[in-house]
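This report describes one protein model in plain terms. Look at the sequence and structure below before reading on.

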Amino acid sequence: MIGWSTRTAPPRTSVARITTPVQLGPSTPWLPDVAPSDPDEALAAVRHWPADLRPGTGTTAALWSLLASLAAHDLGVARAVEPHLDALAILDQAGLPDTGARTWGVFAAEGPGVRLDAVPLDGGWRLTGTKPWCSLADRLDAALVTAHLPGGGRALFAVDLAGPGVAPVDQPWVSRGLVEIPSTPVAFDDVPATAVGGPGWYLERPGFWWGGIGVAACWYGGAVGLARALWARASASDDRLVAMHLGAVDAGLQDARRALAEAALVVDGDLDPGVPGPVVAQRVRATVARTCEDVLTRVGHALGPAPLALDAAHAKRVADLQVYVRQQHAERDDASLGAKLAGWDDAPW
């Protein structure tokens, strides 16, 4: 157990139940008693969620169905919950399970002009520098953070975000999507940290690509939320163009669902894909991301400007998904996957 301080969580309010789960397989996922109405409420709730929401434990499809269900309800909620659950899974993999009912983030991005360094001191570690893209850093209790090592390479560290020396950088968050999930830099000034795994372990472990697919499950749920609005319009109209878009969206969503469901079997050891795990993850993320972009386009064409201008929930869902799915680096990720496949001795299909 890692002994971090716990911040006071905001009180929960009574909100609607998630009545229509997004299921990747036949089993019904565990869902919270009430649907969190915003990220703060979600962070208050996750402290008391079941401890077995982990990939690779035989219930990966249920876990990703939960993330997709939350995303179809509200992408901001899913965006707050997903890294928390990922962090708990990482700590479990490292043999350092957290039992303190804390909220966690995972800050592993790099950016130009900033750098976070880890320095060994008195048998422990201290972090100094700036880490970019730290979502909700001002509201989380703790985070897993990657930092550069003195001899080269990077390692993962657990840090208390409420401790001295941690200061979110005052930088505007101007995004119109995921407005409630500011992802701005954090400055660390000689902050004590606990090593989680050895050098390079964070990127090399199988759970790294498992977590990447969990993010794609959130994208998928966001696309389902938009598709439901399209279905509602088609159900109340005989417009053949709306029906055409609905048919195409359904086909794309089924492709994305099958990709996620198959990957869940791979993660749980129930299916041998015949290819390395990172390739599985890149294929799934590319499939889901393309589906999301197609759904965004088709729903926009079918519904026109009215819901974007007059329906706050719909407009938020569109803006949130547009920002969230950009965690897929488009052609750069396609190039990365293609380079892997080009290095194989045999054709991949």
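Does Arg102 count as buried or exposed? Arg102 counts as buried, at 6% relative accessibility. Buried means under 20% relative accessible area, exposed means over 50%, and partly exposed lies in between (1.4 Å probe, protein chains only).

The structure is a predicted model, in which local features need pLDDT of at least 70 and side-chain atom pairs count only at pLDDT 80 or more, while totals for chains, interfaces and linings use all residues. Residues are numbered from 1 along each chain as its sequence is written, and side-chain values use heavy atoms, with hydrogens and water left out. The predictor's confidence in each residue, from 0 to 100, is called pLDDT. Its mean for the protein is 93, and 95% of the residues reach 70 or more. Over residues 1-15, pLDDT stays under 50.

**Polar contacts**

A polar contact is a pair of N or O atoms within 3.5 Å; within protein, one must be able to donate a hydrogen and the other to accept it, and residues adjacent in sequence count only if both atoms are side-chain atoms. The table gives examples between side chains.

| Residue | Partner | Distance |
|---|---|---|
| Arg102 | Asp98 | 2.9 Å |
| Arg154 | Glu110 | 2.8 Å |
| Glu180 | Lys316 | 2.9 Å |

Arg102 lies in the loop between α3 (75-93) and β1 (104-107). Glu180 is placed in the loop between β6 and β7. Helices (H or I, at least four residues) and strands (E, at least two) are DSSP runs, numbered from the N terminus. Contact, in the wider sense, means heavy atoms within 4.5 Å. Leaving aside neighbours within four places in sequence, Glu180 has contacts that include Pro39, Asp74 and Lys316.

**Strands**

Two strands pair if DSSP finds at least two bridges between them. Strand β1 pairs with β4 (residues 142-148) in the parallel sense over four bridges, and Gly105 stands opposite Ala143 in β4. In a regular strand the side chains alternate between the two faces of the sheet. Both faces of β1 are covered: Trp104 and Val106 are buried on one side, and Gly105 and Phe107 are buried on the other.

Strands β4 and β5 pair in the antiparallel sense over seven bridges. They form a hairpin with five residues between them, and Gly152 in the turn has a positive phi of about 100°. Three bridges join β5 to β7, and these two strands run antiparallel. Here Ala158 stands opposite Thr194 in β7. Because six of its seven residues are buried, β5 is largely enclosed by the rest of the structure.

Arg154 is found in β5 (residues 154-160) and is partly exposed, at 27% relative accessibility. The bridge partner of His148 is Arg154. Arg154 and Leu203 are 49 residues apart in sequence, and their C-alpha atoms are 9.3 Å apart in space.

**Aromatic rings**

How many aromatic pairs does a search of the whole structure find? The search finds five. Rings of Phe, Tyr and Trp (its six-membered ring) pair if their centres lie within 6.5 Å; planes under 30 degrees apart count as stacked, over 60 as edge-to-face and the rest as tilted. One of the pairs is Trp133 with Trp173, which is edge-to-face at 6.4 Å centre to centre, with 85° between the planes. Trp133 lies in strand β3 (residues 124-135) and Trp173 in the loop between β6 (166-168) and β7 (183-196), so the pair ties together parts that are 40 residues apart in sequence. Trp133 is exposed, with a relative accessible area of 52%, whereas Trp173 is partly exposed, at 26%.
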